[in-house]
Structures are given as C-alpha cells and as structure tokens.
Amino acid sequence: MKKIYLKACCVLIATSLFNITGLQAQEISKTEQASGADSTVHVAFKSVAREDLLGGVSVVDVEELLKKNYGTYSLDNLQSFVGGYTGNVWGQEALILVDGIPRQAADVRLVEIATISVLKGASAVVLYGSNAAKGVILITTKRGNIKPLSIDVRANTGMFVPKRFANYLGAADYMTLYNEASRNDGIAERYTQGVIDSTRSGVNPFRYADVDFFNGDYLRKAYSRSDITTEISGGNDMARYYTNLGLSHNNSIMNYGDQKNNKDLAFNVRGNVDMNLSKWLSASADAVVNISNSYTGRGNFWGASNTLRRNWFSPLIPISMLDTANNAANRTTVENSNNVIDGKYLLGGLSTDQTNAFADMLAAGYIKRKNRTFLYQVTAKADLGAVVKGLSFSSGYSMDYRSVYSEAYQVAYATYEPTWSTINGQDVITSLRKYGADGNTTTESIGQTTYEQTMSFRSQFNYDRSFAGKHNVTAALLGWWYMTQFSSDPDNDGGSDYHPLRNTNLGFQAGYNYRRKYYVDFSGALVHSAKLPPGGRNAVSPTLTVGWRISDEAFMKNTFAFVDNLKLTASYASIKQDLDITGFRPNGTTPTDYYLYAGFYGNDGNLGGWYPWRDGASGGFTTLSGRGGNPNLTFIERNELRAGLEASLFKGLITLDANYFLQNTNGLLTRGATLFPSYFTGSGDFRPYLNYNNDRRSGVDFALNVNNKVGKLNYSVGVTGMFFSSKAVQRDEVYQDAYQYRAGKNLDAYWGYISEGLFQSQDEINNHPRQTFGGTLKPGDIKYRDVNGDGIIDTKDQVDLGRNGWAAAPFTYGVNLTLKWKNLTLFALGNGQTGAIGFKNTSEYWVRGTNVFTDKVWDRWTEPTKSTATFPRLTTTAGNNNYQNSSFWMYKTNRFNLTRIQLTYDLNEQIFKKSFVHGLSLYVAGDNLLVAAKERELMETNIGSAPQFRFYNLGVKAAF
C-alpha cells in the first residue's frame, strides 16, 4: 500500500511542477483541443459533432453552466437538464464513467467537469459491453487549451438550515395518551395524574423528564460549509495543462458532547496534461488525489430521537440534588466517577438503557475516518494517416486506488438510576443504582479498513474519412477491459470479494452518412462472462441505427422555412449482459454465489440435515443438494427499439430532443416455483437457475428549450420530462387468485390491502370476515376488504394499489430558467413527479407499543370522535392489524421541488482593464428551498435520521 501511495504522490508532484494535467479515454482531435468542445459531444470511445448524434444521448455543458449555477456534487440537479434521467437512466442504474473509466460520481467535483453525456439508448452504450447494458453517465473533466496561463479562484461559504423535525408529543401528552391506549387494551393505566401534572409543569425536569431532542441543548440552529477552488490552465502547440486544487470544510448541526466537534475536511487535486510528442504521436496523462478526513462523536442521536420516550429518564443527574448528608455512598460515587459532566452532572440511565445516545455522546469516544482516493491514467494516440488516410490508433491504461480507514476511540462508562424522595418539600436523590463501570483507556483502535482497486485497459483503431466532400465514413475496432477488486477486514462490509468485478469485450463500429442527411450506423460488441458455463461465455450484441435529416430535403426548405433542423432517428439493439446474473446460497445470508450455472452439495449445517444414530448419543450432518446445475444458462438480453426526433425551429428559438423507447429484458433468472415438480425440493434442493422471467420498460423522454431576447432581457426556459412504464411480462409464479399474479403488473407495483375504514362497534367486528394479523380486534381498528370472498383476510387479499415509482414515477420532469439583464443573471432549477403512491408507514404514523407519539395521533379514534377520526385507536401492543400497507395509509407522491435559485452579478471588465484581475463575479444561492405537494410536511420530514436542509450560499469567482 505504501508503495502505491508513493507512486501516486510522485506522479502528482511531477504534474504540479510542470503545471500540466490530463487524460481522457474519449479521443479528442487537435482542432477540438484548440477550439473547445462546444461543437462536439463525448460518446463511447470517441467524440462526434453534435449534428451527427443519432439519438439516445443527452449532453450538459457543465463548464458553461457553472457561470450561473454553482454546485459541488458531480451529478447536481441533472434531472433538470436531461429527459429520462431520474437518478437512473430510463428506469435502470447506469454505469458511471469519469474520463472513460468506471469510477464513482463522488470522485469528481462539479467544478472539475467540462461536460456530462448521458447515454440512454442501447446503440449508444453497446461498445462498453455487458456492464453498461443499463445506460452510461459519461463525465468528462476539463482540459487545457492553447492560451496564456490563466488562474481562476472560486470561494464559497454557506449555512445549512434544517427544514423541519418530526413533531413528537411532549412527555405529559404522551403519558396521557399512553394511559388511553392502556384503557383501550383493557389494562391498568401506567402513569398517575400527579406524575403527568408535575411533568407538564416542568417543576423538576430531572425527576419528571421531558427530553426534547430538537432544542438548542443538543442542536445548533444551522451549520456551515466553506470551500475554495483554484484552477490553473493554459498551454501551447506542444502541451496543454489543467490543474484543479480544492479544499472544503463543514461542521455539523450537533451541539452536544463530543458530537459538537463533528466535522469533515477534504482536499482535492487534479492534474490533466495533453502533449504532442511529434506530428503523428500525442499522449495525455491524468493524476488525481482526493483526501478526506472526518471526525464523529459516538452516539446514535437521530435513532434515539425516534425511539426514546421523552419521559423515560433524564440524561443527566444533578449532583446538587444528591443527598450526601444521609448517604455517604452518593458522595463516594461522585468522587470516583470518571464522567462528572461540567462539574455538575452524572450520566443517567436505566436497567433497560444502561448505555444510551446521550451518554455515548458525552463519554463513549469518537471515530476518525480517513478516505484516500488515487486515480491515474495515461493514453497515447498515433495518427496513421501516412499509412491509410483517416486511420488512427490509440491506447490507454488506468489504475485507481481507494481506501477507507478509521481510528476509533471507545471507552466504557457507568450510568446511574436515581431514587427520588421529597424531604422537607424538596426533591432529593436518596440513592443511586449503578449500571456498568467507567473505563479508562488512552489507546485508539482500528475500526474499519477497506480497499478497492480498479484497473482498465483499452486499445482501438479508428477510421474517419470523407470522400468527395459528401460521403462520410467512420469505423472502429476496439478492446476494453476493466477489473475492480474489493477487500476489507472480515468484521466490516462482509470481508473481501473472492471474485472481482470484471468487464471484457471487443467492440466494432461502422458508420456512413451522405451529406449529413442520411445516416446508417452498425455498432456491436463481443462480450464475455465467466459467470456462465464453459462453451456459452461469449455472445454478440448487435445494434443498427438509421437517421434522416429531413429538414435538408427541398420540400421541407421550401414549405417549412421556419424549421432550422429536423432529424429523425431509429435504432434496434440486442445487448447481452450478465449484470443480473447474481444470487445467494440457499440460506440467503452467505456471500454472493458467482457460478449460478453450477449445482452443489453441502453438509455445513445450513444445508445438510442433522441425523442422530440409532443410539441417540451421536450423529452427523447429511450431504444434500443445494442447487441443480444448468449447463444452458445464458446471457440476459436487452432488446430495444427506439425512435428519436431532434428539432430546431425559428432560428434556434425552440429546440426539442425526444425519444420513444420500448425495451424488453428477457431471460432474467428464476429457480422454478412452477417449472419443476415439488419433489425437486424437500430433502435438498435440485432446482437450477433458469433464464425465464421477462420485463418490459417503455416510455417517452424529451427536452424542450426556448431561448429569446426581449429588449435587454435575455431569457431561456428548459423543460425536460419522461413518461415511463414498466411491466413484468413473464414470471415463474403461482397464486390462488388471478389478481395476484405479478405478470402483467407494473414492476414497481405497491401491494397492499383495501381499507374499508375503521371498525365502529364490536358487532361490526363479529360480523366481518376474520382478520389474521394478530392481536384482539376492537372498535377503532382498521377494517380490510375480503377481496377473494373466502371469509378470511390474509395475504391472499393483497391487491395492486398503484405504482411506487422506485425507479421512476409515471411522469417525471425538470425545469430550468435563466434571466439575464446586463451583468445580472437569475437562474432557477426545479424538478418533480406525478402518478406514484406511497404509504405512511414510518414510525411517525405507525406508533407501535411504547414508541414515541407524534402529533398525528391527535386524530385517533375514540368513542366521542368515532365519526371523524382519521387515525386508528391507540394501543400498547404492536398493533399489527393496523400497521399493514393498505389504502388507509396510502398517499400520492406528486411533488414539485424548487431545488435552486442563484443570482449572479458579473462586474464590468472595464474596471479591471489595467489590473492583473481579468474578471470578478459575485453570487448568492439557495438550495432545496421548497417542496410543493399536498403531503409536503411528510416529504420534508426525516424520521430516525438527520433532517433535510436548505442551503444558503455566498460565493465569489475571480479570474487572473
């Protein structure tokens, strides 16, 4: 490991000394290097002119966008610019490539990026092989240009302000309602009215606890984040360089114990360099180092806020209230304690909470995490035009290393439960019950160690030539390989992976266009997978794409003069992939099983049964089959038909890019619930994996932009969106009732029960079909429909209630708005969705047993409110009957998010005409500002985790 770090640091130092940086897995021409990437788009293993794109690709010019829209995350608000992107691509998780290398989106900051290409269509991703079968997000970082040395410095500082917290009831209200729940269940009330009144009065919060997690004792009103970035670039005909250095720091909203010291510090360096070694040979090299350190005090504060009743105990015991005159043991306890907080308190606890979040934060220690990322890649390109005109060869290699290491300090502590008495009218602690013992250590320990390595290699021949100025031919033959190996200590992240993640494929492409009017392109890949049986590990993924720029036809020019550009495209593809060939051993807990085509036997206790000998004194495990073999297991196929439209109208006033896609995923794995006789299971399992299940995804995505000028006001409005549908076409399944079959239903179908309201009387319960969820039904419980009419309410009565939109809602959309007047620019972003549903099934609504209560329970069923109640009766039990996914808890997830507003002022350049400053911009911005939805409060409230935040930022950018 030390050698690896040393090599990476040496590379970084070398590039910094020469002020050079750079590598890119997509090929860039000399002309493009000099003029920038405005007219070209990065696609698989090459760049193409924008006018030659054949659909299924969306591009965001991040470098231009940063002039009015500052962010940090590399995929920041991408949905507002790219139709079909919702955090995934056309409903599936895409492969992320940074400069052509499989990497994480967090490896690169937004300020380092030049462009982002979202490759959606199968024909656009096929050259990347199996692992790209669900889409590709291609991030291309900035590079140097031929220009004098330039330095840009950007600094930001801002505040995170919480949106809202869950509205948990105070201790007195909780105890009152818990007594009601006890009466509902026919058991004795737990809390006396005297205790409730004393708690409500706040006369002694240490004896009558009412712990409010969300006040200033524990939380700040806001916390800060600051960063600074310096970009250095320039170059000449021989070499061009780009260097980016960034530093960021933030603290946290916590304001208690050691967690008030929570912080994150990150340092990033990127160096990209491009060199012309001769007239026919060029090369590039990139080096990146990302270093981040974090400090976190121990204690699960947010988890406790969701589970710990406010009246349960006081986190602190006041020493001043101890009776030391009559009980010397109390004085001894204080003198011997390692944890006297602020000289005034001992740590509180109970026999059921001997350790707790508050005590953890004050006394348990901390965790320091250290993340290190080193990225390096080199490429070389040879112009072979002297041999064959238009021919070139390029090759590239990359090495990435990523490690996570934590140093942990943990120390045991004692907590105390007080016994309270009233003496002479004063509350006094007469004795303490101790739980645990104070520890004493000065040693840090290793808490976590993980390590990840990715290597990649590619080589390719490219042919690009125009004949007679109208016949344009392109071709490519390439090979691409990468491998990612993950390692960790056994106690963290499950230990090391025995099999690395691999992708190996050959790619080939041949394209032709006539006068950029008629297009045809054939692209394909020869893919390989070791997950499949010998003899079936290779497959061909072909694609065919055609295009027609109909606006260049004479009849269009003469009849529709307002049409600047209108291009129609269509493609068909059949991509083979092994991404979905994965599974687990029969117990469902052992590490992922790699060779699913192979059968196996076992006698390890998880599989083999225990059989005693006849004397009963001993025995052993039998050897049983865990899975049958399938020598015919094969690739899963993505068969896709796509049609696209690209248009520009009224001299660029309106632009439109749209795609229709119909995607069939065939051959998904199943183990045969109905395909094999029942005797294949029982004593062992002989069922093999089969390619049987089929899915279908279809939809329309679009990006519409309007650009215009009214007087001195320039404006631009962009709207993106996607209509999306997904179906389970074929399933290996068997159900008693036809309505429960998943085949023909949405992949994201939300299954649940149909609620018929709340029971109003015992007679209604007695005359209703029997509900089988446990507990004793009483008036105020939820009543469910007997869908199949068998007189029993059970899982057979679950129905498809709607789509949950886990991949994409039925309709998703994004908007972006730019208003520019003189030197002032207003920019706004938003996104939203409609058509999906959710369930109110968090502990904010499902108040089981002794869980904390929220304000939602005020609408509970009681005898006086039976006609207006919208919440079930309260109960001290688990409430399993009421807490089932059903139409009672269902809500629509329709929403619009105002994600950013930024106001930028660019100072007049004439001010700096005679200075070394070339430009200065000031901006203010707000992020995550608003959710417009019927269920806004629910959507903006996190339960059991840190809250959602609005972020207010002030920034400045200077050019030198």
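This is a predicted model: local features need pLDDT of at least 70, side-chain atom pairs count only at pLDDT 80 or more; totals for chains, interfaces and linings use all residues.
Residues are numbered from 1 along each chain as its sequence is written, and side-chain values use heavy atoms, with hydrogens and water left out.

Leaving aside residues up to four places away in sequence, Ala869 touches Leu758, Asp859, Arg860 and Trp861, a contact being heavy atoms within 4.5 Å.

Now show the whole protein chain, whose secondary structure comes to twelve helices and 47 strands. Along the principal axes, the C-alpha atoms fill a box of roughly 105 × 80 × 65 Å. Among contacts between residues at least 6 apart in sequence, 72% join residues at least 24 apart.

How much of the protein chain counts as buried? Of the 960 residues, 52% do, where buried means under 20% relative accessible area, exposed over 50%, and partly exposed in between (1.4 Å probe, protein chains only).

Next, select Leu119, Tyr128, Val136 and Trp480, the residues with the most contacts inside the largest nonpolar core, which has 38 residues. Such a core is a set of buried Ala, Val, Leu, Ile, Met, Phe, Trp, Tyr and Cys residues joined through side-chain atoms within 4.5 Å. Among the elements that give two or more residues to this core are strand E1 (40-43), helix H4 (122-125), strand E20 (471-488) and strand E30 (654-670). A second, separate core of 31 residues includes Phe81, Trp90, Val108 and Leu829. In soluble globular proteins, nonpolar side chains tend to be buried together.

Move on to Val729, in strand E34 (residues 713-730), which counts as partly exposed because its relative accessibility is 40%. The C-alpha atoms of Val729 and Arg696, 33 residues apart along the chain, are separated by 6.4 Å. Beyond residues up to four places away in sequence, Val729 touches Asn694, Asp695, Arg696 and Ala743.

Is Trp613 buried or exposed? Select Trp613 in the loop between strand E26 (610-612) and strand E27 (619-621): this residue is exposed, with a relative accessible area of 55%. Not counting residues up to four places away in sequence, Trp613 touches Ser618 and Gly619.

The tour ends with two backbone angles. Lys822, in the loop between strand E41 (811-821) and strand E42 (824-834), has a positive phi of about 55 degrees although it is not a glycine. Asn928, found in strand E46 (residues 919-932), is also a residue other than glycine with a positive phi, near 50 degrees, and Asn928 counts as partly exposed at 38% relative accessibility.

Conventions. Helices (H or I, at least four residues) and strands (E, at least two) are DSSP runs, numbered from the N terminus.
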